Amino acid sequence: QGSIVRNSRSYGLYMGYVRGNLDIQNNEITETKGHAVYIRGYHYYDGPRTYVFNSNRFAGSSSSGLYFYTDGRWSSSYSRFVKWNVTNNVFESNQDGLTVLSSGDDSRSYDFIIRKNLFDNHTRYGINFDRTVNINALVDSNEFTRHRGSTGGSMFLQGVAQSLVVTDNYFHDNAGKYVVKLSPYSYTTSPFVFRNNRLLNNVVNATNDYAVDFGHPAVAVISSSSSGVVVHNNHFENPDSQFELAIQLPAQSSGELFVNVSDNYWGTTNEAVIRDRIADFGYCARLASADFFPYLLSFGGSPVALNAIRDTTIVRPNSLLRGRIMKNTTILQSGSPYTVVGDISVLPGNTLTIQAGVELRFTANTGILVEGRLLAQGTENEPIKFLDNSLVLASGF
């Protein structure tokens, strides 16, 4: 408590094979070449432990501000529970703020409470849970700002096999590959919850990985094979990023998978704009759909009425076509030609009608997925044409 450590050529504080409790408060550890604090769990200590980190400042580290590594190769019959309280700390200008890394075969249980911390100006991650197992995590009332990681974001939570709640956090003025990426394992026992968070004025400057493979950057990314996802009562308003949310859950082979992201405020009440700000089934037919209806009319406000008239794809002259067909829709010959820039998905119970004489120009890796009904009947004089847009542009016609 109350210590100052500066300019270490290695770690600021190294604690290997911790056997008991930790109480680390009111310290300042800055400008270290290694992790500011490195902690490695002890294999053979049996019994519960508590690690307390309160009101510290970890800044200027070439690695992590606080780094915890657990190697569970010999732990099957030993300690079963470790409780972490990480509160009121400042993580500033490190490579990463808080990193938790597991070997993947650790049988202990970990209970993380990460509350009221400032994560500021990291070059990779603010919080990074990497391949963690047996975790209960509450990430509550933190501030994440000025992260500039081209390979990461403010928060990357991977694993978390028991439960995860991310609530009442403020993400603002970050730039990276994403701002938040949540990727729990498929066998997570409880839904993971992302609620009451504010994500404002962030700029995503690189394409996301995995299933949105044609490159649509998003502020928040949900990536998992688990359908237990709760995303409610958040405020998304990041006009300089192409997408607010990307759903990187694969659709089920038997049909489309829906992820409930209702009751959020998207910075607008225009439903067509909201739909265009979410990368999901409407952009790539291999992905699950985000059901964002009803949406909030303001952050913390009332939702739009459940019986409100819902928009559908608006077909205008020379339109760029993509997205879900959610009610009977007609593509008019008078507006032809059209360019298809993302998958068109005709959902069950709906009909897409393409009038005679319509020309659709498809960009790479796009198509029409029909789970409802498609009516496309041309004539000898007015055929319906499906063309490769790149060949159309090359020919000059």
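**Strands and rings in a predicted model**

Biologist: In E35, which residue is the bridge partner of Thr-330?
Modeller: This is a predicted model. E33 and strand E35 (residues 351-354) pair in the parallel sense over three bridges. Within E35, the bridge partner of Thr-330 is Thr-353.

Biologist: Which strands stand at the edges of the open sheet, each with a single partner strand?
Modeller: Three strands form this open sheet, with parallel pairing, in the order E33-E35-E38. One side of each edge strand is left without a neighbour in the sheet, because each has a single partner; these are strand E33 (329-331) and strand E38 (373-376).

Biologist: Is the pair of Phe-58 and Phe-91 stacked or tilted?
Modeller: A search of the whole structure finds 20 aromatic pairs. In this one the ring centres are 5.3 Å apart and the planes of Phe-58 and Phe-91 stand at 45°. Planes under 30 degrees apart would count as stacked and over 60 as edge-to-face, so the pair is tilted.

Biologist: How many residues apart in sequence are the parts that Phe-68 and Trp-84 tie together?
Modeller: Phe-68 and Trp-84 form an edge-to-face pair, 4.8 Å centre to centre with 65° between the planes. Both Phe-68 and Trp-84 are buried. Phe-68 lies in strand E8 (residues 64-70) and Trp-84 in strand E9 (residues 81-87), so the parts tied together are 16 residues apart.

Biologist: What share of the residues of the protein count as buried?
Modeller: There are two helices and 39 strands in the protein. Phe-58 is a buried residue, with a relative accessible area of 0%. Of the 397 residues, the share that count as buried is 54%.

Technical notes
Residues numbered from 1 in each chain as written. Predicted model: local features only at pLDDT ≥ 70, side-chain atom pairs only at ≥ 80, totals over all residues. Heavy atoms only, no water. Helix = DSSP H or I, 4+ residues; strand = E, 2+ residues; numbered from the N terminus. Buried < 20%, exposed > 50% of the residue type's maximum accessible area, 1.4 Å probe, protein only. Pairing = 2+ DSSP bridges. Phe/Tyr/Trp six-rings, centres within 6.5 Å; stacked < 30°, edge-to-face > 60°.
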